[in-house]
Structures are given as structure tokens and as C-alpha cells.
Amino acid sequence: MPMSSAFENRLYPRLDEIVAHFGTPFHIYDEAGIRDTGERLKAAFAGIPGFREYFAVKALPNPAVLEIMVDMGFGFDCSSIAELELSRRVGGNGDDLMFTSNNTTRREFAAAMADGGSIINLDDISLIEKLPQMPELICFRYNPGQRRTGNAIIGKPVEAKYGVSHDQLLRAYAIAQDRGAKRFGLHTMLASNERDYTYMVQTAAMLLEQVERISVALGIGFDFINIGGGLGIPYRPEDAPLKTDAMAREITTLFNDFAMRNGSMPRLYMESGRYMTGPHGVLVTQVINRKEIYRTYVGVDACMSSLMRPGMYNAYHHITVPGKRETDSPQIVDVVGSLCENNDKFAIQRPLPPIAEGDLVVIHDTGAHGHAMGFNYNGKLRPKELLFRQDGTVA
Ligand SMILES: Cc1ncc(COP(=O)(O)O)c(C=O)c1O
């Protein structure tokens, strides 16, 4: 289900008051929901010692939300100096930070290794030369090429710009070892918004296999593998949720088997963004116009600059109208913003209950890759971000 009924039950009775105080449009995030998802993830992987989620900062780089992640014991996956800076300001330090960037500059590596450092995850063998020096702990991002299929969103690994190719991988670790690296990690990210849990199980199996191969060849051990983000969420009411417990159970079995064969196991890291916060945010906007031409347009006071996933990926975001049921004599409408762009549409030909000027419209699942992808075309400002705290206050 989009937006949990628990969040709806917390938010809807307070919505008019929150709208009156803050004004629309705004994204509002649900602290209780984020914590619940984080605790469930930790519990699911409790069988793998040292399991850690490195929250993908790019998904929701809001300091108040990052503080919740710190409180849950999570680290941060950062892809830029700005994301490192945000993570450090909320207390992330050293091994709490994983720097996974691509097409990286020397300046970015210097920033990632300064101020207490971070775990450097190299996207290419050529980037070894761009490091100020070889850190003690180094990780490489693996691109398995035709050995694996990517999913629909992330595309085929052979066509993806990311990572070290299969043929280069051993050499990458050999060079790092030669230059003084003592501890090692292996990373990949092959799927995006994938609700089939077996993808992640296959990814873990693939990385553990590479760890065994490289360890034997070079006589090194691995501190961790990182299976990336990409866990999917159900954006449509009919979508089945990811089977997190089955995924964790099967990955834990892989790790135990690895330990039986090798005497010890690496730690497991993941860097989910969407899974952690996506369902725990909504965009609240108000209807400012209705227009009847060849189609019916419901014009709202948010636009694509607040949420570009529908315009950019044709992505579905569920929409509800508080106080009106979906089955109330639905009308087929397009829900649109005010940008001078015809793809500035939150929904196209969507059956919704009759909507009048002044109604509130709630766009679901905006807690990840929503506000963060915003922009200022046409001079439109991005909306506020509010946090619905566990104690019922709104910040
Ligand atoms: C390297 C890396 N890690 C993690 C993520 C987070 O992905 P998701 O929010 O789908 O979990 C991304 C997303 O772009 C990414 O590029």
C-alpha cells in the first residue's frame, strides 16, 4: 500500500491545522514510520554480525531526518562533498560514512578523506591515481557486466557507467594492496526500486563469490560487502511489498555458508534510500484551478519542481483527497502544476473523486528522491519540508 494507514491516521485528523499554520504546498515526513522501517530492517538482519544500513543521503538529505538515522545507528552513503558535509554535521564520522561517487575529482577525494575521513568506494581503477594517498580501508564498486541482468530502472550492467569491470576487479585490489591498503570492501548496486527480493539475494551471492575469488588470489580478507540500495516500495495500491524477512533469511544463510567454508564472514552493509523513507513522506498541495477542455485538469499549487519523478520517469504516485473516498463517483482527470512544461503532471487520466478548488490533494510516497530532486525552473520555489514527530509535534 502507498502511505501507511498508520501515517494516514496520524496525519489526516491534524491536516487542516497543519495547513493553516504552514500553508501549502509541503512535503511532510513521518518519524514514527521511518523508525519502524529502520528497526524492522535491523531485526531482519540481526543474524549477520555487524550488519549496517548506510542511508543513501541523496534520497532525503534533510538534517532532521539524518539525525533520526544517526539515532538508529545507521551510517551514510554519500555521493558528493555536500552530502558528506551534511552527514558530518549530524555527527557522522570516519567509517560511518561511505563515499560512493563516480566521475570523481581529486578535490572530492581530498574532502572525503579529510575531517575524520570516510570509507572510499572507488568507481574505477583509474581513480586510484586521484586519491591523495591510499587509505588503509578501500572498497571498489563492481560492475559484473553480462554476468548479471540489471532491473528495468537501472538498466543492463554492460550499458551502465558505474563500477569496475569484471576483468579489472582483481587488478584493482592488487594495486590497492601494493600501495598499502590493508582492509577491503566490495560494493555493487544493480537494481533500483526492485520489489523482487531474490535480486538482492543474487547480488549478495555474487559479491560473496567474488570475495572468495579475490581473497584466494591475493591472500587478503574482506571487512564487508555492500549490496547497495534499490529495494523497492509499492507505489501502486495493487503492488506487493518487498519480502524483507525472506530476503534477510536467505542472505543470512549465504553468509553462514560462507563462514563454514572460510572460517569467518564479512560484515553486510546496504545503502537503501527509498525503502527507508519513500513511503513515509507525502506532498500536500491545494487545488487552485479546474480547467475543462479536451480533458479535465485539476491545477494544484505544487509543481514538478517539488516532485519530478512523474514528469521524468512517468512514475506513478498514488493520490488521495482527504475526506473523499476513491469510490465516490470518480472522474478522470489530469493533476497538473503550473510550470510551462507539458510534462508538469502528477497524474494523467487518473480516476479521482470529484475535486473542487480549495480541496487538499495528498500525493503519496514522496519521502525519497522527491524534494531532493527538486529544481527552480520558472523561478518556482521548492516547497517546505515538515517532520511529523513521534510525539505529535510538527517541525
Ligand atoms: C550508489 C547508490 N546507492 C544507493 C542509492 C539509493 O537507492 P534507493 O533509494 O533506490 O535505495 C542510489 C540511488 O541512486 C545510489 O546511486
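Contact here means heavy atoms within 4.5 Å. The model shown in these views is predicted.

**View 1. Cover over the buried residues of helix H5.** Helix H5 spans residues 81–89, and its buried residues are Glu-83, Leu-84, Ser-87 and Arg-88. These residues fall within an arc of 135° seen down the helix axis, so they line one face of H5. An α-helix has 3.6 residues a turn, so residues three or four places apart point the same way. Among the elements that cover the buried residues of H5 are strands E3 (75–78), E4 (94–100) and E5 (118–122), together with helix H6 (106–113).

**View 2. The other side and the end of helix H5.** Ala-82 and Arg-89 are exposed on the other side of H5. Gly-91 follows the helix and has a positive phi, near 110°.

**View 3. Asp-334 in strand E14.** Strand E14 covers residues 331–336 and includes Asp-334. Asp-334 counts as buried because its relative accessibility is 0%, where the cut-off for buried is under 20%. Leaving aside residues up to four places away in sequence, Asp-334 touches Arg-295, Thr-296, Tyr-297 and Val-298, as well as Lys-345, Ala-347, Ile-348 and Gln-349.

**View 4. Polar partners of the Asp-334 side chain.** The side chains of Asp-334 and Arg-295 make a polar contact at 3.3 Å. A polar atom of the Asp-334 side chain also lies 2.6 Å from the backbone nitrogen of Gln-349. Both Arg-295 and Gln-349 are among the residues that Asp-334 touches.

Conventions:
Residues numbered from 1 in each chain as written. Predicted model: local features only at pLDDT ≥ 70, side-chain atom pairs only at ≥ 80, totals over all residues. Heavy atoms only, no water. Helix = DSSP H or I, 4+ residues; strand = E, 2+ residues; numbered from the N terminus. Buried < 20%, exposed > 50% of the residue type's maximum accessible area, 1.4 Å probe, protein only. Polar contact = N/O pair within 3.5 Å; in protein donor to acceptor, adjacent residues only side chain to side chain. Arc of directions from axis to C-beta.
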